[in-house]
Amino acid sequence: MTVIYQQRRARLAELLEVPAILVTSPVNVRYLTGLDSSNAAVLVRADGTAKLATDSRYIEMTRDLGIETVEAGNVAAELAEPGAGIEAAHMTVAVYNGLGDDLVPLEPLVERLRTVKDEDELELLRTACAITDAAFADVTGKITPGMTERAVAHLLEARMVELGADRPAFETIVAAGENGSIPHHSPTDRELRAGDLVTMDFGALYRGYHADMTRTVCLGEPAAWQRDLYELVATAQAAGRTALRPGAQACEVDAAARTVIGEAGQGENFRHGLGHGVGLEIHEEPFLGPSRTGRLEDRVPITVEPGVYLPGRGGVRIEDTLVTREGGPELLTKTTKELLVL
């Protein structure tokens, strides 16, 4: 594995227009070195050499990382070199002011590298998504009227861990009935009732990589408006998946799904972007939205998650994690997108 991290640091060095970059974001340090910690930094120089600093809590974890390492409390100060670039999006003003005035704020460079995943990363994501799929299949048979949103969320999270997840990738969303109109609803003691649409947004974290999937089910036979709403979102989601390809503009992929919903008169009720990248973070570049710029590359894991939310009534969201491929997107979350009636 040390070779992978060396290759990543070499690619970063090739992007530099300054003598070195001081990387302080914990996620980016992990990506470049393999060290998962809350206090570390890595200096990557344009000549390809690198140096890692962390404190005494993590120093033993660095033995086999294949990089020069020093122990320090103030890791940024330990590694800062004159003229080095810093991660402007991550370093606080307080830390920056303590390092002198000869450092160069840089736009995100490591994030640019992280967007395109190598095959080892994609395999970890496949496992995270397979755990997510399996947990959903196991839990849906246990969902009954009278259970609370919080109880369903607990079942999903516990089952993912039982199946091998490190932990849930993020706080699980379970939104029943009228709560389904809130895209990021936090589970409550609201009991599920017959006739409810229930939206579940969840994912497994596996060896640092995040899965993300949303399914909406119905407790009992759905009303006509519920079935129509579901079919609309399913059609929009299929359009977004079809548009997901290397070379496509982020706003164009969003538009493919958003147009379907807008033409049905529900445009104002689709209140967020179509999707986002996933990897070492649950939300990372690229983002799909009406105003997002840039073109997608090959081997980019990304979600497609349109939703329609009707205040006071409920909502539907359908989300998959996919990977852009030249021959068409690879679907990682494979649970059926047909409306499940429980």
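# A tour of the predicted model

Buried residues account for 54% of the 342 residues in the protein chain. Keep in mind that this is a predicted model.

**The whole chain.** Show the protein chain as a cartoon; it holds nine helices and 20 strands. Its radius of gyration is 22 Å, close to the 20 Å that the globule rule gives for 342 residues, so the chain is as compact as a globular protein of that length. The C-alpha trace spans about 65 × 40 × 35 Å along its principal axes. Take the contacts between residues at least 6 apart in sequence: 63% of them join residues at least 24 apart.

**Two helices.** Select residues 2–15, helix α1, and residues 26–33, helix α2. Their axes come within 6 Å and cross at roughly 115 degrees. Now show side chains. Which residues of α1 meet α2? On the α1 side they are Tyr 5, Arg 8, Arg 9, Arg 11 and Leu 12, and they meet Arg 30, Tyr 31, Leu 32 and Thr 33 in α2. The residues of this contact divide into four nonpolar, one polar and four charged.

**The largest nonpolar core.** This core has 37 residues. Select Leu 12, Ile 21, Val 23, Leu 32, Val 42, Val 44 and Leu 52, the members that touch the most other members. Elements giving two or more residues to the core are α1, β1 (20–23), α2, β2 (40–45), β3 (50–54), α5 (110–115) and α6 (119–140). Of these, α6 gives the most, with five residues.

Next, centre the view on Val 42. Leaving aside residues up to four places away in sequence, Val 42 touches Ile 21, Leu 22, Val 23, Val 29, Leu 32, Thr 33, Lys 51, Leu 52, Ile 67 and Leu 79.

Another core, of 26 residues, lies apart from the largest one. To find it, select Leu 229, Leu 244, Leu 296 and Leu 322, which are among its members.

**A four-stranded sheet.** Turn to the open sheet with the order β8-β9-β12-β20, where the pairing is mixed. Which strands stand at the edges? They are β8 (173–176) and β20 (340–341); each has a single partner strand, so one side of each is left without a neighbour in the sheet.

Select residues 213–218, strand β12: two bridges join β12 to β20, and these strands run parallel. Here Cys 218 stands opposite Val 341 in β20.

Last, select residues 149–162, helix α7, which packs on the sheet and touches β8 and β9 (197–202). The direction of α7 makes about 150 degrees with that of β8.

Conventions
Residues are numbered from 1 along each chain as its sequence is written. This is a predicted model: local features need pLDDT of at least 70, side-chain atom pairs count only at pLDDT 80 or more; totals for chains, interfaces and linings use all residues. Side-chain values use heavy atoms; hydrogens and water are left out. Axes are lines fitted to C-alpha atoms, for helices over the stretch in contact, and angles run from 0 to 180 degrees between N-to-C directions. Contact means heavy atoms within 4.5 Å. Ala, Val, Leu, Ile, Met, Phe, Trp, Tyr, Cys and Pro count as nonpolar, Asp, Glu, Lys and Arg as charged, and the others, Gly among them, as polar. Two strands pair if DSSP finds at least two bridges between them. A nonpolar core is a set of buried Ala, Val, Leu, Ile, Met, Phe, Trp, Tyr and Cys residues joined through side-chain atoms within 4.5 Å. Buried means under 20% relative accessible area, exposed over 50%, partly exposed in between (1.4 Å probe, protein chains only). The radius of gyration is taken over C-alpha atoms; the globule rule is 2.2 Å times the number of residues to the power 0.38.
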